[in-house]
Amino acid sequence: MGPGDAVDGRVFHVKLPGHDAMARRADELVVPTRVMLPRRVALGPARQVAKRLLMALLVLAATVLIVWLDRSGYNDNADGEVDLLDAIYYATVTLSTTGYGDITPYSDGARLINVVLVTPLRVMFLIILVGTTLEVLTERTREDFRLKRWRANLRDHTVVVGFGTKGRSAILTLCATGLSKDQIVIVDPATKVIEAANAEGFTGVLGDATRSDVLLRAELQKARQVIIATQRDDTAVLVALTARQLNRGAKIVAAVREEENAPLLRQSGADAVITSASAAGRLLGLSVLSPSAGTVMEDLIQQGSGLDLVERPVIKAEVGKNVRETEDLVVSVLRGHRLLGYDDPAASPLQLTDRVITIVRASPSSAAVPKHPMPPHQRP
């Protein structure tokens with residue numbers, strides 16, 4: 001589908017930005033599609049080498065101690081006795097599997113100790129020495145296991161397409177309302193962007209989100225909500241079409257640069273469309289007319305500080321009351337598919353099936369847990 005194509009019998013023309021360097025660079029990239037899980041914090045190379053060297057020395061010291069304590073059960077072909085130096089020498093050639101045979105255990109007790117203790121220490125010593133090689137060989141298996149476990153446990157998550165300024169801001173708002181990072185999957189075509197997302201603890205899918213196989217890797221078919229924050233409006237339309245085809249029940253919210261493209265996005269399956277340029281312009285105009293009002297509006301859309309705008313279900317104690325009698329400051333009432341203002345006579349009395357949009361004072365606890373917790377079946 002391209003600019004000017006028909007959707008449901010209607011022809012829409014997508015207005016494209018004249019110059020978008022970031023979008024052009026993303027389009028020029030041809031990258032393989034893959035899921036990139038957040039990497040666990042690992043020690044630096046020097047510390048890893050030092051740690052393995054220390055473990056090897058501890059194994060060597062333990063072997064020397066075992067041989068020294070049971071030295072009476074060993075025979076030295078040179079003088080028949082085993083001293084501390086002989087014990088160190090025997091431990092060294094034994095752990096390295098050299099085994100010259102000049103010092104040998106001859107008593108039953110010494111041979112039993114060799115089988116039970118020295119042999120496992122020899123194996124451990126070898127594992128430590130080749131640990132780097134084994135780690136490389138097992139890294140792929142470990143990543144495959146992590147990926148399978150991630151896919152099995154992931155459901156009702158949020159897919160964010162685009163990790164630019166809009167995508168990051170949306171994620172910050174979600175995290176401020178209590179959504180954990182492991183319930184967010186980021187899709188972007190740029191490798192460096194996905195690596196940056198991994199560094200912040202998010203799972204990323206590298207690839208073009210307009211392709212269904214890429215969104216399937218993000219498990220979009222099991223997602224609860226999708227945020228489309230791409231650099232280009234035509235890309236957002238294609239992503240919305242693909243996402244809606246894969247998941248009929250997910251809530252899809254998209255951002256567009258040009259207001260003329262908003263109807264096409266809604267026609268493509270988006271539940272809500274935010275015009276970023278127009279929204280920023282309105283906030284600028286409001287700030288010019290009333291700087292304080294602009295500050296309040298900016299505070300409302302920034303979750304976790306000052307005043308927060310929260311949507312929640314009506315609790316039993318509020319049923320039958322006027323909107324002005326609630327503990328929170330009610331702005332609107334959502335009744336079915338109707339959005340009623342606080343001053344609408346039909347908004348009162350409140351009903352149990354209503355949802356209210358309220359303004360509440362943010363606190364350290366409310367940043368993580370809503371003031372009125374929502375049952376899972378009532379969450380938006």
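This is a predicted model: local features need pLDDT of at least 70, side-chain atom pairs count only at pLDDT 80 or more; totals for chains, interfaces and linings use all residues.
The protein has 380 residues, of which 36% are buried. Its secondary structure comprises twelve helices and 15 strands. The accessible surface amounts to about 21800 Å², and carbon and sulfur atoms account for 60% of that area. When contacts between residues at least 6 apart in sequence are considered, 65% of them link residues at least 24 apart.

In soluble globular proteins, nonpolar side chains tend to be buried together. In this model the largest nonpolar core holds 30 residues, and the members that touch the most others are Val159, Val187, Val205, Ile228 and Leu265. Two or more residues each are supplied by strand 6 (158-161), strand 7 (184-188), strand 9 (225-228) and strand 10 (251-256), as well as by helix 8 (212-217), helix 9 (233-246) and helix 10 (262-267). Helix 9 provides the largest share, with five residues.

Apart from neighbours within four places in sequence, Val159 contacts Val185, Val187, Ala218, Leu220, Ala223, Gln225, Val226 and Ile227.

Two packed helices are described by the angle between their axes and the distance between the axes. For helix 11 (residues 276-289) and helix 12 (residues 291-300), the angle is about 140° and the axes lie 5 Å apart. Helix 11 is therefore oblique to helix 12, since only angles over 145 degrees count as roughly antiparallel. On the side of helix 11 the contact involves Leu283, Leu286, Ser287, Val288 and Leu289, and on the side of helix 12 it involves Pro291, Ala293, Gly294 and Met297. Classified by residue type, this contact contains seven nonpolar and two polar residues, and no charged ones.

Most residues other than glycine have a negative phi, and most peptide bonds are trans.

Asp156, which is not a glycine, has a positive phi of about 55°. Asp156 lies in the loop that runs between helix 5 (131-153) and strand 6. Its relative accessibility is 47%, so Asp156 is classed as partly exposed. Glu219 likewise is a residue other than glycine with a positive phi, near 55°. This residue is located in the loop between helix 8 and strand 9. Glu219 has a relative accessible area of 8% and is therefore buried, the limit being under 20%.

The peptide bond joining Ser348 to Pro349 is cis, and its omega is near 0°. Pro349 is placed in the loop between strand 14 (338-341) and strand 15 (355-361).

A further position considered was Ala62, which is part of helix 2 (residues 45-69). Ala62 has a relative accessibility of 30% and so counts as partly exposed. Between Ala62 and Leu117 the C-alpha to C-alpha distance is 9.5 Å, with a separation of 55 residues in sequence.

Key. Residues are numbered from 1 along each chain as its sequence is written. Side-chain values use heavy atoms; hydrogens and water are left out. A nonpolar core is a set of buried Ala, Val, Leu, Ile, Met, Phe, Trp, Tyr and Cys residues joined through side-chain atoms within 4.5 Å. Buried means under 20% relative accessible area, exposed over 50%, partly exposed in between (1.4 Å probe, protein chains only). Helices (H or I, at least four residues) and strands (E, at least two) are DSSP runs, numbered from the N terminus. Contact means heavy atoms within 4.5 Å. Accessible areas come from the Shrake-Rupley method with a 1.4 Å probe; for residues, only the protein chains shown count as cover. Axes are lines fitted to C-alpha atoms, for helices over the stretch in contact, and angles run from 0 to 180 degrees between N-to-C directions. Angles under 35 degrees count as roughly parallel, over 145 as roughly antiparallel, 65 to 115 as roughly perpendicular and the rest as oblique. Ala, Val, Leu, Ile, Met, Phe, Trp, Tyr, Cys and Pro count as nonpolar, Asp, Glu, Lys and Arg as charged, and the others, Gly among them, as polar.
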